[in-house]
Amino acid sequence: MMKRKQEITGLNLILMLILLIAGCKTYRNVEKLKPITKHNQEGYYVAESEFGKIKKEEKILVELTDGKEFFLRYVSFSEKILHGKVWKDDKTSMIINEPFDLQIPLEKIKNVRVWKPNTALTIGIPLGILGVTVLIGLLLIESEGIGISW
């Protein structure tokens, strides 16, 4: 019985650590960031007005029309050219020690996603972990033969 209590205590500590660090961020389409703008009328995949939603130095993922992707830190957008600094290798996902400048014309950009907090994941993952922990705890209590009255 003592060993099982130690196992449960250890499991609880691990789960608490996960809950404390579970602030999730994901790359979100720039078109879905507020304020929502109307669909691009210029024939490009991403409207020029969408770049105004991105703050300087924000991490962005740019997908080109030829399928290539670049992880950039946003610098600016002017004269239909995106200026950024490549900070992460797209093939190995390794952080680049010396980021380099990159300029991408608007007509080559298919999609832009911005690294933003994801509230649904931040709340959903800890709640899911908590639910599974409670379920496991109840199953362990039932398997020990301890009756619980609600």
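Lys110 is partly exposed, at a relative accessible area of 36% (buried means under 20%, exposed over 50% and partly exposed in between, with a 1.4 Å probe and protein chains only). The model is a predicted one, in which local features need pLDDT of at least 70 and side-chain atom pairs count only at pLDDT 80 or more, while totals for chains, interfaces and linings use all residues. Residues are numbered from 1 along each chain as its sequence is written, and side-chain values use heavy atoms, with hydrogens and water left out.

Lys110 makes a salt bridge with Glu63, and the closest N and O atoms are 3.9 Å apart (a salt bridge needs a side-chain nitrogen of Lys or Arg within 4 Å of a carboxyl oxygen of Asp or Glu). Distant parts of the chain are linked this way, with Lys110 in strand 6 and Glu63 in strand 2, 47 residues apart; strands here are DSSP runs of E with at least two residues, helices are runs of H or I with at least four, and both are numbered from the N terminus. The whole structure holds five salt bridges, including one between Glu50 and Lys53 with 2.7 Å between the closest N and O atoms. Here Glu50 is buried at 2% relative accessibility, and Lys53 is buried at 13%.

On to the strands. Strand 2 (residues 59–64) is largely enclosed by the rest of the structure, because five of its six residues are buried. Strand 2 pairs with strand 3 (residues 69–78) in the antiparallel sense over five bridges (pairing takes at least two DSSP bridges), and Val62 has Phe70 as its bridge partner in strand 3. The two strands make a hairpin with four residues between them, where Gly67 in the turn has a positive phi of about 100°. Strand 4 (residues 81–88) and strand 5 (residues 95–105) run antiparallel too, joined by seven bridges, and His83 is partnered by Gln103 in strand 5. Their hairpin has six residues between the strands, and Ser93 in the turn shows a positive phi of about 60°.

Two aromatic pairs turn up in the whole structure (ring centres of Phe, Tyr or Trp, the last by its six-membered ring, within 6.5 Å; planes under 30 degrees apart are stacked, over 60 edge-to-face and the rest tilted). Phe51 and Phe77 are stacked, because their ring centres are 4.1 Å apart and their planes at 0°. Both residues are buried. Phe71 and Trp87 pair edge-to-face, 6.3 Å centre to centre with 75° between the planes. Phe71 sits in strand 3 and Trp87 in strand 4, so the pair ties together parts that are 16 residues apart in sequence. The charged end of Lys59 sits over the Trp87 ring, 4.4 Å from its centre (NZ of Lys or CZ of Arg within 6 Å of the ring centre and within 35 degrees of the ring normal), and that of Arg73 does so at 5.6 Å.
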